[in-house]
Amino acid sequence: MTPAGAVGQPYSRLEGRAKVTGTARYAVEYPVDGVAYAQAVPATAVRGTITGLDTDAALAVDGVLAVLHHGNAPRLTPGVDPELFRLQEPTVHFRGQFVAVVVAETIEAAREAARLVRVDYAPQPHHTVLSAQDPALYRPDHVNPSYPTDVVAGDFDAGFAAAEVRLDLTYRTPSYHNSPMEPHAATAQWRDGRLLVHDSIQGSSPAREILARLFGLPIEAVRVVNTHVGGGFGGKLYCKVQTVLAALAARHVDRPVRLPLTRQQTFGPVGYRTPTIQRVRLGAGPDGRIDAVAHDAISQTSMVTEFAEQTAVYTRNMYAAPNRRTTHRLLRLDVPTPFWMRAPGHTPGSFALESALDELAAACQVDPVELRLRNDTTVDPESGSPFTSRNLAACLTDGVRRFGWDGRDPTPRARRDGRWLLGTGMAGSSYPARVRPATASAAASADGTFEVRINAADIGTGARTALWQVAADALGTPPERVRIRVGDTALPPADVAGGSTGLASWSWAVVRACERLCDRLAELRGRLPAEGLTVEVSIDDEVAAQRTLPRYGYGAQFAEVRVDSDTGEVRVRRLLGVFAVGRVVNPTTLRSQLIGGMTMGLSMALHEAGLFDTRYGTWANHDLASYHVSSNADVPAVEAYWVDDADDQLNPLGVKGAGEIGIVGAAAAIANAVHHATGVRVRDLPVTLDKLLAA
Ligand code: MOS
């Protein structure tokens with residue numbers, strides 16, 4: 001690494017100019033000769049069987065080429081992924097499931113005709129209500145991605161019974177919708193039995209495999225391109241239905257097909273964050289030291305596949321306590337399958353635990369920051385292994401200083417500014433630091449420039465730019481001499497932009513490829529062949545050989561709110577977070593991830609809620625007019641800082657990943673601040689004025 005390297009410098013995104021000038025291409029924006037447009041038709045039944053389809057009116061619309069459905073669509077391989085097995089059978093598993101696709105010369109014709117497709121159903125009774133009393137609640141074999149369902153250490157019941165201070169609290173979170181700027185969208189083209197897809201997806205390497213299996217193709221016959229992706233937040237982690245429908249349609253009409261989902265169609269059929277019901281029990285001494293903690297989480301899944309949100313996993317490793325129990329129960333409902341959404345599990349789980357800690361702080365009359373410091377631990381409370389680096393305390397103390405927490409009067413309703421009640425609150429935050437296999441190549445050209453290739457996905461995070469900086473330093477060359485290519489399965493394979501593993505994994509492969517290239521160049525003593533030199537390196541063995549240790553990023557979230565004492569309106573005045581996320585590759589893109597996560601937490605605290613109509617089996621608010629996402633005017637000063645943090649064993653750069661941690665704890669910090677302002681504890685999100693006025 002050169003002393004004044006590129007790593008650590010606040011470079012702007014390499015593709016920033018292309019994006020702001022509108023020349024960056026997204027999934028359905030590539031110029032394609034002879035392209036047709038497709039519109040998906042959602043089921044209006046919640047559960048049942050299609051008994052008849054009338055496509056005459058749709059086919060009569062000028063420009064309509066075809067209507068695909070289970071009776072005429074090309075066949076897919078069964079057993080690959082039931083979520084993607086669409087237009088193959090007449091069964092309807094949830095309202096909104098796509099049961100037909102209209103293909104037309106224009107998007108307008110496709111949309112018009114889609115309204116005219118008539119589908120008759122034999123409906124069956126449906127059940128869509130998540131309840132803690134449902135006898136059908138069951139214990140899944142594991143929770144996402146592969147955590148044990150229940151974990152017990154010590155004796156919770158005995159510890160809780162013996163504790164001087166006992167809290168038994170239930171928190172609820174509604175369903176949330178990922179709502180990235182670019183909806184799920186794909187362009188599919190078949191040529192000589194080969195499938196080319198431009199997709200809006202967080203990782204094209206796994207999607208390529210799934211598509212090959214679904215369509216019965218050798219993997220070499222499939223190419224997936226995702227050069228630019230307009231956000232995902234987990235909702236585009238893996239191959240989704242729009243891609244399959246586009247490929248089916250393109251094969252059926254023998255033309256390239258673009259299929260963008262409408263905004264409304266992204267509310268459910270491609271996933272959402274499950275609603276949760278969470279019981280948290282804390283038994284503590286009068287000094288706030290926790291003796292016993294139990295976190296029992298309930299969430300929902302569908303009849304199609306099991307998706308088991310890891311809601312209580314946050315509680316397993318965050319704070320010390322000798323007696324602990326975490327459990328997960330699931331309910332299968334006639335609903336779309338939940339899916340990944342930013343800091344899955346940890347987001348709803350931290351709302352419950354970090355709210356409960358605030359309630360414990362009040363019960364013990366201990367400052368909420370001090371309470372967390374008293375329950376800090378250097379070893380993983382579950383395994384007993386030391387954390388590789390745990391800088392929670394550093395985040396808390398730095399946050400106290402920057403936010404001006406000292407001297408806070410803990411009394412609720414103690415501060416006023418005219419009609420406004422003022423309050424401050426805080427929460428802890430953490431997210432696992434993990435790596436996944438990846439391969440990268442590095443090439444030297446005779447003109448002294450380099451090209452580094454890896455099928456990473458840049459979903460707007462700045463990953464492309466960060467990898468370019470990493471490559472420049474690893475090559476010991478100015479970044480201007482380096483080109484970076486990501487987002488195409490024609491590049492060396494890598495895993496998804498997900499679970500905050502992206503930069504940690506991809507940077508490792510990039511470093512190894514660049515090191516190998518430098519070694520080869522050194523052997524050649526500068527005598528580079530005219531055609532240049534390319535090396536490719538996989539880190540799969542290194543990753544597999546890595547010891548499993550408790551590794552996490554940490555954070556401390558602080559919020560100040562004001563609440564109108566007459567109307568109950570809540571406004572956030574400021575959010576401040578301090579994080580420990582390993583080596584900082586690019587402060588500009590890191591800050592953007594952190595404040596983005598915090599803003600999403602604000603949105604969760606005050607605004608977002610999927611309102612499920614259990615009679616009709618769908619969300620009443622399934623667009624951005626009625627599903628309220630915080631707008632600019634709702635978001636005040638959001639400040640993100642970081643402390644020194646190093647885990648030299650995690651990956652060559654010591655990167656922990658920062659895509660998720662910004663949202664973890666943010667909603668709790670705001671709800672805790674609302675309690676401080678008003679004396680009202682809201683345990684079911686969002687914190688809306690009706691709940692404050694009712695109290
Ligand atoms: Mo993140 S929910 O793994 O994209």
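Select helix α3 (residues 107–116) to begin: this helix lies across β1 (36–42), β3, β5 (98–104) and β14, and runs at about 25 degrees to β1. Helices (H or I, at least four residues) and strands (E, at least two) are DSSP runs, numbered from the N terminus. Axes are lines fitted to C-alpha atoms, for helices over the stretch in contact, and angles run from 0 to 180 degrees between N-to-C directions. Contact means heavy atoms within 4.5 Å. The model is a predicted one, in which local features need pLDDT of at least 70 and side-chain atom pairs count only at pLDDT 80 or more, while totals for chains, interfaces and linings use all residues. Residues are numbered from 1 along each chain as its sequence is written, and side-chain values use heavy atoms, with hydrogens and water left out.

Seven strands form an open sheet of mixed pairing, in the order β3-β5-β1-β14-β11-β12-β13. Two strands are paired if DSSP finds at least two bridges between them. At the edges stand β3 (64–69) and β13 (222–225), each with a single partner strand, so one side of each has no neighbour in the sheet. From one strand to the next, the twist averages 20 degrees.

Remain with β3, where five of the six residues are buried; buried means under 20% relative accessible area, exposed over 50%, and partly exposed in between (1.4 Å probe, protein chains only). The pairing of β3 with β5 is antiparallel, over five bridges, and L68 has V101 in β5 as its bridge partner.

Move to strand β11 (residues 185–191), which pairs with β14 (residues 257–260) in the antiparallel sense over four bridges. Here A185 stands opposite P260.

Helix α5 (residues 204–214) is the next selection; its buried residues include S204, P206, L211 and L214. Among the elements that cover them are β12, β13 and α6. After α5 comes G216, with a positive phi near 65 degrees.

Now select T274, in the loop between β14 and β15 (276–284). T274 is buried, at a relative accessible area of 1%. Its side chain reaches the backbone nitrogen of Q300 at 3.0 Å. Residues that T274 touches, beyond those up to four places away in sequence, include P174, S175, E309 and P338.

Turn to the largest nonpolar core, of 85 residues, in which L360, F558, V561, I670 and V687 touch the most other members. Helix α14 (residues 587–606) gives the most to this core, with nine residues. Such a core is a set of buried Ala, Val, Leu, Ile, Met, Phe, Trp, Tyr and Cys residues joined through side-chain atoms within 4.5 Å. Selecting I670 shows contacts with residues including V572, L575, L602 and L606, sequence neighbours up to four places away being left out.

Finish at H607, in the loop between α14 and β26 (612–613). H607 is buried, with a relative accessible area of 18%. Its side chain joins that of S630 in a polar contact of 2.6 Å, that is, a pair of N or O atoms within 3.5 Å; within protein, one must be able to donate a hydrogen and the other to accept it, and residues adjacent in sequence count only if both atoms are side-chain atoms.
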